[in-house]
Every structure is written in structure tokens, then in C-alpha cells.
Amino acid sequence: MFNKIIEEDMKVIYDNAAFDWMEFSGKTVLITGAYGMLASYMVYMLIYLNEKYDADIRIIALGRNKDKMVQRFGEFAKKQYFIYYQSDLSTMLDIESDVDYIVHGASPASSQYYDVNPVGVLNPNVIGTYYTLELARAKKVKGYLFFSSGEVYGDVNKEYIFEEDGGKLNPADVRSCYGEAKRVGETMCKCYQHQYGIHTNMVRPCHTYGPTMDITGDSRVFASFVSDIVNGRNIIMKSDGTATRIFCYIADAVLGYFTVMLKGAPGEPYNVSNEQGRVSIRELATMLCNMYSNKNLDVIIQAPNGTYLENKHKIHSNYATGKIEGLGWKPQYTLSEGFRRTIESFQNE
């Protein structure tokens with residue numbers, strides 16, 4: 001069906017749900033950015049429900065490149081229930097059929113784009129959100145899920161950040177193209193819920209990793225580190241490695257997204273994070289090298305180049321998860337287990 005790791009993940013996601021998966025049975029789900037890292041795992045889950053449980057879910061997978069869609073989903077992209085829709089979300093979506101749920105996951109997330117293509121970061125999160133919300137309004141969807149980000153919090157100096165917190169983001173800083181666009185997208189979701197009664201929700205993921213990462217084109221450290229391990233290279237760090245981040249394995253994260261989609265309160269945002277996944281960048285690099293000691297790899301610190309706009313926050317606050325845990329969600333994977341599964345998945349391929 002899928003590779004061994006992804007299929008095991010689908011079973012774990014299915015088994016740990018605090019809701020009935022058959023709520024999707026016979027429904028049509030439109031997912032933007034469908035071959036992207038996070039959204040593709042949601043597509044995999046819907047495929048899993050169709051193939052294993054005959055859920056009869058119609059999947060409308062939206063993306064800009066059909067070849068990439070087929071490369072991601074292989075034989076499943078040819079299934080009758082799988083419909084590819086080509087769009088860059090710069091115009092209104094012309095979908096004739098009914099749509100029951102929309103997941104808006106289309107957005108460049110890597111910092112490498114903030115400097116070279118900030119407009120390309122803004123557009124899917126602002127213009128694309130408008131068009132998908134208009135479609136949601138026209139189709140009277142049961143649920144609309146927006147992929148936001150912890151970047152919306154800006155500069156908040158707290159140990160735990162709750163969903164109602166917010167700090168400074170400088171709109172004149174080009175790096176704010178991502179955080180400000182996500183803020184606008186969230187506000188649009190709230191306004192459409194308030195004015196038109198659309199059941200919208202927003203998820204704010206921490207750093208999420210897993211088998212669908214782009215380990216060749218994503219410059220974020222966790223993707224680069226996994227690429228180094230898979231390819232037997234020393235890990236090159238472009239900072240002193242003291243910055244701490246919080247990581248969540250994709251299977252845990254995706255279960256959180258579906259939980260919010262089906263059980264979240266209308267118009268509300270939810271943090272999706274794993275507090276046990278806090279680690280410094282250097283600790284992460286060292287942990288990965290130690291996990292694969294047979295490869296005899298080292299951690300090497302190197303000066304950064306000029307194309308990467310580094311996040312200025314050295315220590316990330318914890319994303320409080322009491323709100324989503326109140327819906328019945330809890331992460332299952334430790335940091336080492338999640339990265340082991342991720343690396344094994346790439347090695348199997």
C-alpha cells in the first residue's frame with residue numbers, strides 16, 4: 001500500500017482517534033497543497049480509509065504540478081476517488097461538485113523562501129485563503145481547516161504560549177511575510193465564521209517532521225540533518241546550535257489536525273505541539289549522529305550563507321496544548337522514535 005513506516009503511521013493515527021473516522025464516509029474533501037509535507041499525510045489518511053475501510057471518500061487534491069502529485073501518491077493518484085485539480089490559488093476555484101470539507105495547506109514554509117520569494121509566501125495565505133473561504137461559503141462546507149503557524153505569536157516572552165497570546169511582528173521586516181500572512185489568514189477564517197457561519201478552524205503547528213519532508217530542497221535544519229544522515233554526510237550546522245526548538249512527529253500532528261477539524265470549536269485556533277520534543281539544534285544533531293554511530297558522522301559548525309533568514313528567537317516558548325488535549329488528542333511519539341522512523345522511511349525508499 002504505502003511504504004512500511006507510512007502504513008504503520010496510518011494505523012496509529014486511526015487507532016488513537018477520539019472520534020469516528022466514518023464521519024468522512026461518502027464525503028468530498030478538498031485539500032490544497034496536497035503533495036506538500038503536512039497536507040500529503042492527511043491525503044494518505046483519507047486514502048487509507050478508502051482502501052482499508054471502504055470509506056468512499058472523494059479526494060480533490062489541489063496543486064500546481066501534476067507530475068509532483070503523481071510522484072507523491074503513485075498508483076493512488078489514478079484511483080477513481082482521487083481527483084487532481086491544478087491551481088496556484090491566484091484565481092477563484094471552479095469546482096462543480098459538492099465539497100464537504102476543505103483543508104487549506106498550500107503555503108511555502110521554509111525560511112529559504114522568505115528572502116527570495118516573499119510575495120510567493122504571502123499569496124497562498126492571503127489570496128488563496130480568500131478563494132478557498134469563498135468556495136467554502138458557496139458549498140456550505142461542514143468544516144474548513146487552515147494551516148497557520150506559531151509564527152503568528154510574534155515576540156512573546158512567556159514559558160507557555162496560549163492560543164489567545166500575541167506579540168510584536170514588524171510588518172516592515174521581510175521575514176514577517178510568513179507570520180503576517182498567517183495572521184491575516186486566521187483573521188479571515190474567524191470573520192467568515194462570524195459573518196457567514198462557516199465552521200472554520202486554524203491549527204498552529206510547531207516544527208513538524210516526518211517521511212514526507214523534502215530532504216533535498218528544504219533548508220530547515222531538521223530536513224538538512226535527516227538528509228545528512230540518510231546520505232552518510234557529516235551534519236553541517238550554520239549556527240552555534242544553542243537555539244532550542246520544539247518538534248512534533250507528523251503522525252501525531254496529523255491526528256491533531258483531523259481532531260481539530262472534526263471536534264474543534266467554530267472559529268477557534270489550536271496549538272499542535274509535543275512538549276517532550278524540545279531540544280537544542282546542537283543536541284538534535286548530536287542525537288542523530290549517536291543514533292547512527294555506525295556511520296561515523298560528526299557535527300561540524302560552519303558560518304551561514306547570505307540566503308537564509310534565520311529566526312531571531314533563540315529559545316522558543318512552549319505551545320500550550322491543553323486546548324487540543326481537551327478534544328481527546330495526545331502525542332504518542334518521542335523525539336528519537338519519530339526521527340528514527342523518518343530516517344528509516346527514507347532509507348527504505
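**Helix, sheet and a helix pair**

Tutor: This is a predicted model. Helix α11 covers residues 335-348, which is 14 residues, and its first and last C-alpha atoms are 20 Å apart, close to the 20 Å expected at 1.5 Å a residue.

Student: Which residues of α11 are buried?

Tutor: Leu335, Gly338, Phe339, Arg341, Thr342, Ile343, Glu344, Ser345 and Phe346.

Student: And what covers the buried residues of α11?

Tutor: The cover includes the helices α1 (4-15), α7 (221-230) and α9 (281-291). It also includes the strands β8 (207-209), β10 (244-249) and β12 (278-280).

Student: New topic, the strands. In what order do they form the sheet?

Tutor: The order is β8-β10-β12, in an open sheet with mixed pairing. β8 and β12 are the edge strands, each pairing on one side only. On average, neighbouring strands of this sheet are turned by 45° against each other, direction ignored.

Student: In which sense do β8 and β10 pair?

Tutor: Parallel, over three bridges. His207 stands opposite Phe247 in β10.

Student: Now helices α2 and α8. At what angle do their axes cross?

Tutor: Roughly 75°, with the axes of α2 (residues 37-53) and α8 (residues 250-263) coming within 10 Å. Therefore α2 is roughly perpendicular to α8.

Student: Which residues make the contact?

Tutor: From α2, Met37, Leu38, Tyr41, Met42, Met45 and Leu46. From α8, Ile250, Ala251, Val254, Tyr257, Phe258 and Met261.

Student: How many of them are nonpolar, polar or charged?

Tutor: The contact of α2 with α8 has 12 nonpolar residues, no polar ones and no charged ones.

Definitions and conventions
Residues are numbered from 1 along each chain as its sequence is written. This is a predicted model: local features need pLDDT of at least 70, side-chain atom pairs count only at pLDDT 80 or more; totals for chains, interfaces and linings use all residues. Side-chain values use heavy atoms; hydrogens and water are left out. Helices (H or I, at least four residues) and strands (E, at least two) are DSSP runs, numbered from the N terminus. The expected span of a helix is 1.5 Å times one less than its number of residues. Buried means under 20% relative accessible area, exposed over 50%, partly exposed in between (1.4 Å probe, protein chains only). Contact means heavy atoms within 4.5 Å. Two strands pair if DSSP finds at least two bridges between them. Axes are lines fitted to C-alpha atoms, for helices over the stretch in contact, and angles run from 0 to 180 degrees between N-to-C directions. Angles under 35 degrees count as roughly parallel, over 145 as roughly antiparallel, 65 to 115 as roughly perpendicular and the rest as oblique. Ala, Val, Leu, Ile, Met, Phe, Trp, Tyr, Cys and Pro count as nonpolar, Asp, Glu, Lys and Arg as charged, and the others, Gly among them, as polar.
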